[in-house]
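Okay, thanks for coming, everyone.

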Amino acid sequence: MYRIVAMQTLAPQTKLIEIYAPEIVAKAHAGQFVILRVDEEGERIPLTLADWKPEANTITLIFQEVGVSTIKLGSLNVNEELCDVVGPLGNPTDVRNYGTVVIVGGGVGIAPCLPITKAFKKTGSRVISIIGARNEKLLILEREMRCICDEVHISTDDGSKGHKGFVSDVLNILIKKGYSIDIVYAIGPSVMMRAIAETTRPHKIKTVVSLNPIMVDGMGMCGACRVSVGGKVKFACVDGPEFDAHQVDFDQLIKRQRAFLAEERTALEHWEKCRGN
Amino acid sequence: MEKKPKSKICKESVPMPKQKLEERIHNFNEVALGYTEEQAVAEAKRCLQCPEPKCAEGCPVDIDIQAFIKLIAERKFDEAIAKVKEKNSLPAICGRVCPQEEQCQNACVMGKVGDPVNIGRLERFVADYEMKKGAETPRKQAPTGKRVAVIGSGPAGLITAADLAKLGHEVVVFEALHKLGGVLTYGIPAFRMPKEIVQAEADYVRKLGVEIKLNALIGRLHTIPELLKNGFTAVFIGTGAGLPTFLGLPNESLGGIYSANEFLIRVNLMKSYAFPDYDTPIRVGEKVAVIGAGNVAMDSARCALRLGAKEVYIVYRRSRNEMPARAEEIENAEEEGIILKLLTNPTKFFGDEQGWVKQMECIKMRLGEPDQSGRRRPIPIESSEFIMNVDTVVIAIGRTPNPIIQRTTEGLQTTKRGTIIVDEETGQTSLEGVYAGGDIVTGEATVISAMGAGKRAARSIHDYLMNE
């Protein structure tokens, strides 16, 4: 039912998958996510939409192979089918002409930035992006971002491409240079989003982040994705996934994301053993 | 000791055979095994066949209780199940989880002299009898050509779909999760509600011609106005109460503190009891505290035990008398070794360096005057705080309505609590052609009250469709 139309390696451990899902395509908006299951034993994997193609009736997701579920997903081939895909989930991005928008994407987080960037460009906003990765090989979607954005800035942790350092450093430089920024959108690892929030806070620049806590059902029932926003408990799945970065308790989020690290290792070892036999 | 003369009326009901205690605490197989034919007949014969039976008045779905029991007593099991199914398409489910002691059995005259007739167990017996044999394809009325969308495949949705299909309407059920059944699947554990039973009852609904679409979250994938525009004449909303409530205490975000829903969804829907053969993990450790004393709390505690916890506590701020769980469930839990910590309320949590819960501070309570709910209000006893060591905390203090439909349907009137406002008689919402029933209307309640609401709504939807 949910047939894989394309599977492509974008960078080491980073893959792009296109899935036939006409009903979801008809309803997809920037900022929303889907949940998929590879097989009957599989976890529910939340992934933010990286693209969708009405002409082909496909949605595009980009994911990193970091645990059993994503490794299983990456091991599938074109024409195989996924067990389940549900979506679109979550609230769409509040897209309007803000003036100048800076989109910051880190690592695989650049993927969900793509539709948001496109949507802002359509409103007539000036769109500047800052994209970064650990190194040049891991940097994805540079060409696509260049096609849309008015400016693209790049950083890598090791300096193999662009500015040596973090995306937050580049944002700081732009602010210091006197760029007038009306809003910042940041998607990436939680530590990166926290750094972006701290960079913009003193300058009172409105900053929005898309959070990726652990989720199970993804439709408001389990509360696993609860995050503290402005001191209140919010569910990323139905209240988010986008929130005001300056209100998010990132330390709590990061701890909660690491809650099942031991089990994730167990699952991976188990899977490798089963596959080996 | 002198033997009493054999009384014609047997005061005690036939006990339910159960899985052996030492075995059942290590597996998720059903605890109550069900009556044998002989046991069922013996229990059915206890029924006095009152000239004016009170039992049926207590049934939210109007089953002709006396008649089906008489048929069992006469060993006419096929006719007995047919009698039940005249009113209830999901008897194997109801026979297991209805609070019969508050409904039909509460009204049973036998209850005045001894145990009431165990109607629930008899309903389950005939349902299981038929399931073993293979249910016959049900009779349906001629097609009306009208289409109805049912949102949610829990108890309310399934019964509404079944009743409408029997009346000849074309019904599509939209289920947001990857498995049908709603709370019957994700919420109630297999040792109380085997998942094959839910599937089998749903198969019966499918045989009526109902189409069940999984992975379809209404509100996001299609809105209700879109459904009405695209070929559906009426819509029934049975989306339930699944949004978890938290305590609002310091450090409640620690790892190892689950909402009961998260805990039960992991275990029941994602089968994390079979981790790592199934990919979704759960961690319980040795000491588990479940906060709350309803059926969901009992289910969570008994799951924790089966996942290998050594000590499992029910922590409840009132006393035993106020515990909202069914007596049968409390009895099962205690039998299995669950420890009740009554008149105790948590006040804060403490975690380890990894951010995992390790201790819970509690305060002792006493009961004061009755509050709005009619139950005596719990009052903290000053300076009675103490610390409990815990590896896992499950918060089972209630669930509120699922919010997505309300947020995405313009003109749909709701209460401050997030429930949908309906006409009590008909189940109609503020929108024409749109009906609702079950927990989404009442807030968290029982499987059978949701089914009762579904049946009422199905009747009004039928009237609406035929007069449209």
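Predicted model: local features only at pLDDT ≥ 70, side-chain atom pairs only at ≥ 80, totals over all residues.

So, a term to start with: buried means under 20% relative accessible area, exposed means over 50%, and partly exposed is in between, using a 1.4 Å probe and protein chains only. Residues are numbered from 1 along each chain as its sequence is written, chains are lettered from A and ligands numbered from 1 in the order written, and side-chain values use heavy atoms, with hydrogens and water left out.

Let's look at Ser125(A). Is Ser125(A) buried or exposed? Ser125(A) is buried, because its relative accessible area is 0%. You'll find Ser125(A) in the loop between helix H3 (110-122) and strand S10 (126-133) of chain A; helices (H or I, at least four residues) and strands (E, at least two) are DSSP runs, numbered from the N terminus. Beyond its neighbours within four places in sequence, Ser125(A) is in contact with several residues, including Arg96(A), Tyr98(A), Phe120(A) and Asp150(A); contact means heavy atoms within 4.5 Å. Asp150(A) sits 25 residues away along the chain, with 9.6 Å between the two C-alpha atoms.

Now, the two chains together. Here 46 residues of chain A are in contact with 45 of chain B. About 3,800 Å² is buried between them, and carbon and sulfur atoms give 56% of that; buried area is the accessible area (1.4 Å probe) that two parts lose on being put together, summed over both. Met221(A), Arg226(A) and Phe260(A) supply 17% of what chain A buries against chain B, more than any other three residues.

How many salt bridges are there between chain A and chain B? The count is six, a salt bridge being a side-chain nitrogen of Lys or Arg within 4 Å of a carboxyl oxygen of Asp or Glu. One pairs Glu23(A) with Lys213(B), the closest N and O atoms being 3.7 Å apart.

Last stop, inside chain B. The domain assignment (automatic or from a database) gives domain 1 (21-133), domain 2 (147-241 + 401-466) and domain 3 (244-399). Domains 2 and 3 of chain B have their C-alpha centres 30 Å apart, and about 1,300 Å² is buried between these two domains. On the domain 2 side, Tyr186(B), Phe191(B) and Arg192(B) lose the most area to domain 3, together 43% of what that side buries.
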